[in-house]
Amino acid sequence: MRILHIINSLQIGGAERLVVDLLPFLNDQNIPSDLLLLNAVETSLTKEFAASSHCQIFSLNASEIYNPLLIFKIKPYLKDYDIIHIHLIPSLYWVALAKFVSGSKTKLIYTEHTVIIKKRSNWFFRMVDRFIYSQIDKVICVSKQVEDSLHNHLKNESNNLVTITNGINLSKFSNALPMNRSELGLCDTDFVIVQASSFRPAKDQKTVIEAAKLLPAEFKIVFAGDGQNRIPCEKYAFEIGAAKNTFFLGNQEDIPALLAMADVVVLSSHYEAFPLAVLEGMASQKPVVASNVSGLAELVGNTGILFEKGNAQELADIILKLTNEKAFYEKMATRCYSRSQEYSLKKMATEHITLYEAVFSA
């Protein structure tokens, strides 16, 4: 059984992180698994993957990943593998169409990493997706919420949806040595709050910036990540007078060390599917504070602390409480760490292997 994973690129993100962690594990379990990138732009994840994996890495070297001609570049790969495991759009569309036009019998699996967003919910995209998903043998949803969202989007009774929740390398975070604060311009006496996430529309860094404005000077907010909303957020921090309390680091190679250095981990979002950033914060033995939205509420609720989406004052009050009440802080950190143990990379990978074997033998 040979498996090829196909993804747009290894830009920093949850789907990309999953691929980088999963494939080496599969190969260690004697499940030959290779990787095809539509675009091989170099990132910290490409370097990590090349260093830690014995997989073959192919690239279509596409400067424009939405070019339909990629369908014909993908076709030759179908005949060399028993299963193609796809991640993200447009990889989903191009692989499904490549199978359709070639008549290939290769089994297709797709992982749905996010909830269906509005632009995919109009009638045209729904009809396109019904055809595309009909070419897929099994769709892995990273949470029950994602499964429900996709089922509602496709409006069908297909039984090809299955939920496999994300997992992480827990020891990488629990055993990490903390980053040197002085290298970031921070002091040992600072109370450091970290949000490690992309600056994409789903994320809500502005609320965290507003909370920074409400907190005393020794409270520092550190943002790790990049994306289209980073520069607007930096400008916003300056405009409201929170620039001295906020640090924008861009993409970071050593997230475990960054989280080990933090006092509290925050994830403020408008919506989520199954956020790895929350699991990573929990595995780092830190209290996790997240916005009360679907996807976060299921993971953080009754474990970490939720605040009303967009409510900077409530977020600031929670952070102050964590600072002032040591017993409360320790309780939240312990509960978060305990919850993270339910989401190991080994558990996730084992469930993938079971699914591969079922699809292969079907």
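Predicted model: local features only at pLDDT ≥ 70, side-chain atom pairs only at ≥ 80, totals over all residues.
**Entry 1: α3 against α4**

I started with helix α3, residues 70-78, and helix α4, residues 91-102. Their axes come within 8 Å and cross at roughly 70°. An angle from 65 to 115 degrees counts as roughly perpendicular, and α3 and α4 are therefore roughly perpendicular to each other. I also looked up the hand of this crossing, and for α3 and α4 it is right-handed.

Which residues make the contact between α3 and α4? From α3 I noted L70, I71, I74, K75 and L78. From α4 I noted W94, V95, L97, A98, K99, V101 and S102.

P90 sits in the loop between β4 (83-87) and α4. Is the peptide bond from I89 to P90 cis or trans? I found it cis, with omega near 15°.

**Entry 2: α13 against α14**

Next I turned to helix α13 (residues 312-324) and helix α14 (residues 326-340). Here the axes come within 5 Å and cross at roughly 105°. That makes α13 roughly perpendicular to α14.

For the contact itself, I listed K321, L322 and N324 on the α13 side. On the α14 side they meet K326, F328, Y329 and M332. The tally for this contact is four nonpolar, one polar and two charged residues.

Helix α11 covers residues 276-283, and I wanted to know how much of it is covered. Seven of its eight residues are buried, so I wrote it down as mostly covered, with under 20% relative accessible area as the cut-off for buried. The buried ones are L276, V278, L279, E280, G281, M282 and A283. I was glad to have the list by name, since a charged residue, E280, is on it.

α11 also packs with α14, at an angle of about 120° and with the axes 7 Å apart. α11 and α14 are therefore oblique to each other. The crossing of α11 past α14 is left-handed.

Where do α11 and α14 meet? L279, M282 and A283 of α11 are in contact with C336, Y337, R339 and S340 of α14. I counted this contact as five nonpolar residues, one polar and one charged. L279, M282 and A283 were also on my buried list for α11.

Just after α11 I noted Q285, which takes a positive phi of about 65°.

**Entry 3: two asparagines with positive phi**

I then looked at two asparagines in loops. N30 has a positive phi of about 65° although it is not a glycine. Its place is the loop between α1 (14-28) and β2 (33-37). Is N30 buried or exposed? N30 counts as exposed, because its relative accessibility is 67%.

N302 has a phi near 65°, again a positive value in a residue other than glycine. I found N302 in the loop between α12 (297-300) and β13 (305-307). With a relative accessible area of 76%, N302 is exposed.

**Entry 4: S291 in β12**

S291 lies in strand β12, residues 288-291. Its relative accessibility is 0%, so S291 counts as buried. What is S291 in contact with, leaving aside neighbours within four places in sequence? I noted L267, S268, S269, L296, L306, F307 and K309.

S291 and D129 are 162 residues apart along the chain, and their C-alpha atoms are separated by 30 Å.

**Entry 5: cysteines**

How many disulfides does the structure hold? I found zero. As a reminder to myself, a disulfide is a covalent bond between the sulfur atoms of two cysteines.

I looked up the burial of two cysteines as well. C55 is at 9% relative accessibility, so C55 counts as buried. C141 is buried too, with a relative accessible area of 0%.

Conventions:
Residues numbered from 1 in each chain as written. Heavy atoms only, no water. Axes fitted to C-alpha atoms, helices over the stretch in contact; angles between N-to-C directions. Helix = DSSP H or I, 4+ residues; strand = E, 2+ residues; numbered from the N terminus. Parallel < 35°, antiparallel > 145°, perpendicular 65-115°, else oblique. Left-handed = near helix turned anticlockwise from the far one by under 90°. Contact = heavy atoms within 4.5 Å. Disulfide = S-S within 2.5 Å. Buried < 20%, exposed > 50% of the residue type's maximum accessible area, 1.4 Å probe, protein only.
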